Each structure stands twice: as structure tokens, then as C-alpha cells.
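Try each task before reading its solution.

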Amino acid sequence: MTVQQPDGIHHIAIMSANMKEQLTFFTQVMGFPLVALFDMHGVPGGKHAFLQMADDSFFSVVELAGIAEIPSTLGITHAGTGAGKCAAGTMQHMAFRVPDEAGLIAMQNRIRKAGVPAIGPIGHGFCKSIYFAGPEGLTLEVSYAVSEVDPKRWIDPAMLAECGISGEEAQAMLNPPPCLAEAPVPQPAYDASKPQLAYPVETLKTILSAPDAAITMQGSYNEPPVAV
């Protein structure tokens, strides 16, 4: 049976008002090679870039018209530091992975050589990290694993109680139930109590009522933009 959980992150996408600035930073400062830059599929005027972090892991940048007119507000849209606040559901900070202490120091050297301050290393028990900023207010981190994360040592009962998580709920979180569905599961009907993509409600209901095959046929873009 196919394992029914993700095995990593394929890509993380950030919004930008300046594609060139972001690509310059993440290629020259972070060392991620640019592997794709094309019209964003299904989004007129959108630009979409992919930078490679590993064989099957990418960092992505999206640029859309009008983004520069949307205000960035510290404490609302951006946290500013790893300890800062921002609105619920937004990215507080992003940590990239290196294999070991030598890799962490190498990245700190690379970042500082580009003129960008990098604070640390700071130990967190199971990982060690450095912290720095990226263009357009990004709060960034590079980390490596010091040890495995043992739930018996790292799940604080006092914190479970503060979060309102019961013992039974904690056990369910420690041992997520497998999904045993073997046949395709039908699309659930629109339910406002469930998380939903931010389409207009009637548009979303139409999308949800369409067969998966129709969505795949209408929405897929399988050919690269450059012919060889």
C-alpha cells in the first residue's frame, strides 16, 4: 500500500514584488541554482521561479502585478525576527537544512561574505541554528540536526495543558492514524467549517463538483516553455 503521508517538502513559495532581487539573493548568497523561470501556470501576468535545494526539493518565488502596493507591516505581515509576531496562518520564519556543524559554519561564512549579518550559532538541543534576514522582510534560518527528537523528552506536559491538549488528544498526535482508503475518495462537498481555498464560494462549489479528471485536463501545463 502507498504510504499516505508526505515524505518531505517539494517546494516552499514566497511572494515577491521584485523577482530579480530574490533570485539574486537566493542564488548568490544561499547558493541555490536557478532551474526554472516561467509564466505562472493559469495566472495571467504571474512569474514563477524554482531554485534547487536538493534533487527533489525546491525554493520557489512568485511575482504578481500590484504586490508592491500591498503594505508590509512588522507584527502583521512579517515577524522580523525568529521571536517576532505576525498574523495567524502566515510564515513566521523559514529554516533551511545543512548536514552538520561544518555545513552550518560554511553557510554562516557564505552569508557574511555577502555582507549579510548572520547571528549564531545557537543551540536548541536537537538542532543548532544561525539566523539572518532575506529581501522583502524574510526571516531566515539555517539549521542542522544535533540529535533525534525524542518525544518523551521534548513534549512538555505543561505545554500540552497550556495548549488545551488532553492526554488522549496527545496520544492521537503522537500516533496519527493511517489512512486505509484504497479506492479513490470522492471529493467532499463544500463545508464552510472546513479549511477552504479562497475562491469565491460559488466558484469553489463548481470546482469541487467537477471530476478530478476534468480538473487535471483543464488545469495542467506539462510542457516546458522552451523547446529543444
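**Exercise 1. Work out how helices H1 and H2 pack in this predicted model, and which residues make the contact.**

Solution. Start with the geometry: the two helices pack at an angle of about 135°, with their axes 10 Å apart. Next, classify the angle. Angles over 145 degrees count as roughly antiparallel and 65 to 115 as roughly perpendicular, and H1 and H2 are therefore oblique to each other. Now look at the contact itself. From H1 come Thr 27, Gln 28 and Val 29, and they meet Met 107, Arg 110 and Ile 111 of H2. By residue class, this contact divides into three nonpolar, two polar and one charged.

**Exercise 2. Find the residues that touch the most other members of the largest nonpolar core, and say which elements supply this core.**

Solution. The largest nonpolar core has 26 residues, and those touching the most other members are Phe 26, Met 30, Phe 59, Phe 96, Ile 111, Phe 132 and Val 142. Go on to the elements. Two or more residues each come from helices H1 (19–29) and H2 (101–113), and from strands E3 (47–54), E4 (57–63), E5 (94–97), E7 (127–134) and E8 (138–145). H1 gives the most, with five residues. As background, nonpolar side chains tend to be buried together in soluble globular proteins.

Then zoom in on one member. Leaving out residues up to four places away in sequence, Phe 59 touches Ile 12, Ile 14, Phe 26, Phe 32, Ala 49, Phe 50, Leu 51, Met 53, Met 94 and Phe 96. Rings take part here too: ring pairs link Phe 59 with Phe 25, Phe 26, Phe 32 and Phe 96 into a cluster.

**Exercise 3. Classify the aromatic pair of Phe 38 and Phe 50, then that of Phe 126 and Trp 154.**

Solution. The count comes to ten aromatic pairs. Take Phe 38 and Phe 50: their rings are 6.1 Å apart, centre to centre, with 10° between the planes, and the pair is stacked. Phe 38 belongs to strand E2 (residues 34–39) and Phe 50 to strand E3, twelve residues apart, and their pair links distant parts of the chain. Both Phe 38 and Phe 50 are buried.

Turn to Phe 126 and Trp 154. Here the centres are 5.0 Å apart and the planes make 90°, an edge-to-face pair. Phe 126 lies in the loop between strand E6 (119–123) and E7, and Trp 154 in helix H3 (residues 151–154), so this pair ties together parts that are 28 residues apart in sequence.

**Exercise 4. Look at the backbone: what joins Gly 120 and Pro 121, and what is the phi of Glu 136?**

Solution. Begin with the peptide bond. Gly 120 and Pro 121 are joined by a cis peptide bond, with omega about 0°, and Pro 121 sits in strand E6. Glu 136 has a positive phi of about 60°, although it is not a glycine. Its place is in the loop between E7 and E8, where Glu 136 is partly exposed, with a relative accessible area of 30%. To see why these two features deserve a look, remember that most residues other than glycine have a negative phi, and most peptide bonds are trans.

**Exercise 5. Is Lys 20 buried or exposed, and how far apart are the C-alpha atoms of Lys 20 and Glu 63?**

Solution. Locate Lys 20 in helix H1. At 68% relative accessibility, Lys 20 counts as exposed. Along the chain, Lys 20 and Glu 63 are 43 residues apart, while their C-alpha atoms are separated by 9.8 Å.

Gly 123 is found in strand E6 and is exposed, with a relative accessible area of 53%. Tyr 144 is 21 residues from Gly 123 in sequence, and the C-alpha atoms of Gly 123 and Tyr 144 are 9.9 Å apart.

How values were computed: Residues are numbered from 1 along each chain as its sequence is written. This is a predicted model: local features need pLDDT of at least 70, side-chain atom pairs count only at pLDDT 80 or more; totals for chains, interfaces and linings use all residues. Side-chain values use heavy atoms; hydrogens and water are left out. A nonpolar core is a set of buried Ala, Val, Leu, Ile, Met, Phe, Trp, Tyr and Cys residues joined through side-chain atoms within 4.5 Å. Buried means under 20% relative accessible area, exposed over 50%, partly exposed in between (1.4 Å probe, protein chains only). Helices (H or I, at least four residues) and strands (E, at least two) are DSSP runs, numbered from the N terminus. Contact means heavy atoms within 4.5 Å. Axes are lines fitted to C-alpha atoms, for helices over the stretch in contact, and angles run from 0 to 180 degrees between N-to-C directions. Angles under 35 degrees count as roughly parallel, over 145 as roughly antiparallel, 65 to 115 as roughly perpendicular and the rest as oblique. Ala, Val, Leu, Ile, Met, Phe, Trp, Tyr, Cys and Pro count as nonpolar, Asp, Glu, Lys and Arg as charged, and the others, Gly among them, as polar. Rings of Phe, Tyr and Trp (its six-membered ring) pair if their centres lie within 6.5 Å; planes under 30 degrees apart count as stacked, over 60 as edge-to-face and the rest as tilted.
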